[in-house]
Amino acid sequence: MRRVVHALPLVAACLAAALPAQAKLPQLSGAPLVIGHRGAPGHLPDHTLEGYALAIELGADFVEPDLVATRDGVLIARHEPNLIATTNVKDIPKFASRRRVALVDGVPEEGFFASDFTLAEIKELRAVQPMAGRDTAYDGQYRIPTLREVIALVKRKTLEKGRTIGLYPETKHPTYHKALGLPLEDRLLAELTFAGWNDRQAPVFIQSFETANLRELRAKTSVRLVQLVDADGLNPDGSLSYAPPYDKPYDWVVSGRAGTFADLVTPGGLSEVASYADGIGPWKYYLQSTACRVVSQGACQDANGDGLVNEADRRVLPATPVVADAHARGLLVHAYTFRSEPSRLPLEDGGLPTHEYERFFAIGVDGVFADFPESAVAAKGKFLLERSPGFRQCLLKATGCGR
Ligand SMILES: [Ca+2]
């Protein structure tokens with residue numbers, strides 16, 4: 001076996017060695033995790049083995065498959081049950097008759113739904129880049145992976161890289177899948193059991209925007225659970241807006257529970273979440289929002305004068321107490337979604353995505369869902385070198401510079 005010292009195992013080893021010395025870091029977990037959000041979708045189509053592998057090559061600690069079920073009950077990695085935006089399904093004549101309108105969390109959607117396709121049929125599809133402005137050169141090349149294939153990749157890469165790579169599966173639309181007779185939870189636990197990962201020590205976090213299925217999972221598994229916290233949009237003043245279907249967990253709609261996602265990040269809400277989950281996964285604006293100057297009829301000013309009105313015209317507001325309140329209850333905080341395009345970064349970050357990560361690491365987030373994992377990894381390295389004496393000393397010693 002070749003004995004080659006690679007930088008990443010060294011960083012990982014130093015992180016592990018330095019953990020007890022990291023009390024000065026604001027993270028509850030010792031150091032922030034870089035989660036390859038849907039893989040590395042800034043570069044390759046979402047939720048493909050190639051995208052997850054690239055995220056790992058770029059230094060991600062975890063990869064994040066979203067899960068939906070096929071007609072024959074197999075969990076596959078897709079962001080939505082509707083396949084129209086993320087695959088080439090609409091271009092395949094033999095599937096034209098599958099096009100229909102379905103209700104997803106009470107909202108009618110037209111498209112092609114995973115639960116109408118067997119796994120064999122899903123394997124005939126190829127992934128495409130759904131986000132405007134991103135590279136479409138890889139469209140039509142990569143297959144849709146099953147959860148089992150993603151786990152196999154993660155295990156193979158763990159051995160290959162000499163560092164533990166984690167899995168961060170999301171149960172998508174749990175109530176919808178239950179109503180179809182294709183509940184996700186037991187299928188997910190069966191796959192984790194098959195992988196030897198159905199326990200608290202497994203390198204796994206299970207996430208959901210719904211609350212009832214996380215409570216159900218808590219009763220069935222010791223795997224770490226994360227409550228996602230959504231909102232509909234961002235107002236000019238930096239407050240969040242709440243409109244269906246992004247205003248509350250869909251199980252609350254079904255059960256008649258009043259309120260919005262915002263209730264989950266109040267002190268009382270966090271205490272409730274801590275009774276069944278190990279962390280929260282909030283939209284990042286719950287932790288530190290941004291605001292714009294309103295010019296007319298509620299529209300934001302084009303503050304940077306580039307002729308477009310977007311996030312780059314907004315200014316950063318003070319951090320909220322949500323991270324501290326969550327940490328006080330033992331909850332990890334993994335924030336989403338970090339995107340490196342300059343148009344998605346507020347004025348203060350100057351078009352540099354590492355600046356945005358550094359702001360959130362300084363607030364104390366324990367993990368970031370990153371579309372471009374390399375930016376998060378670069379910011380994490382800088383943050384640890386500046387803030388963690390143990391990490392710095394270990395790196396210097398291991399490379400001979402500190403002797
Ligand atoms: Ca602008």
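Visitor: How many aromatic pairs does the structure hold?
Guide: Rings of Phe, Tyr and Trp (its six-membered ring) count as a pair if their centres lie within 6.5 Å. This is a predicted model, in which local features need pLDDT of at least 70, side-chain atom pairs count only at pLDDT 80 or more, and totals for chains, interfaces and linings use all residues. Residues are numbered from 1 along each chain as its sequence is written, and side-chain values use heavy atoms, with hydrogens and water left out. The number of aromatic pairs is 13.

Visitor: Of which kind is the pair of Phe-209 and Phe-261?
Guide: Planes under 30 degrees apart count as stacked, over 60 as edge-to-face and the rest as tilted. The two ring centres are 6.1 Å apart, with 70 degrees between the planes. The pair of Phe-209 and Phe-261 is therefore, by the cut-off of over 60, edge-to-face.

Visitor: How many residues apart are Phe-209 and Phe-261?
Guide: Helices (H or I, at least four residues) and strands (E, at least two) are DSSP runs, numbered from the N terminus. Phe-209 lies in the loop between β9 and α7 (212-220), and Phe-261 in the loop between α8 (250-255) and α9 (267-274). The pair links distant parts of the chain, and its residues are apart by 52.

Visitor: Which residues are the closest to the centre of the largest pocket?
Guide: On a 1 Å grid over the protein atoms alone, a pocket is an open set of points with protein on both sides within 12 Å along at least five of seven lines, and lining residues have an atom within 4 Å of a point. Of its 45 lining residues, the closest to the centre are Arg-38, His-79, Phe-209, Asp-230 and Tyr-246.

Visitor: How many residues of the lining of the largest pocket are charged?
Guide: Asp, Glu, Lys and Arg count as charged, Ala, Val, Leu, Ile, Met, Phe, Trp, Tyr, Cys and Pro as nonpolar, and the others, Gly among them, as polar. The lining has 19 nonpolar and nine polar residues. The number of charged residues is 17.

Visitor: What is the volume of the second largest pocket?
Guide: The lining of this pocket has 21 nonpolar, seven polar and six charged residues. Elements that each supply at least two of its lining residues include α1 (7-18) and β1 (33-37). The second largest pocket has a volume of about 930 Å³.

Definitions and conventions: 1 Å grid on protein atoms, 1.4 Å probe; cavity = no way out; pocket = protein on both sides within 12 Å on 5 of 7 lines; lining within 4 Å. Points joined across faces, edges and corners; volume = space filled by probe spheres on them.
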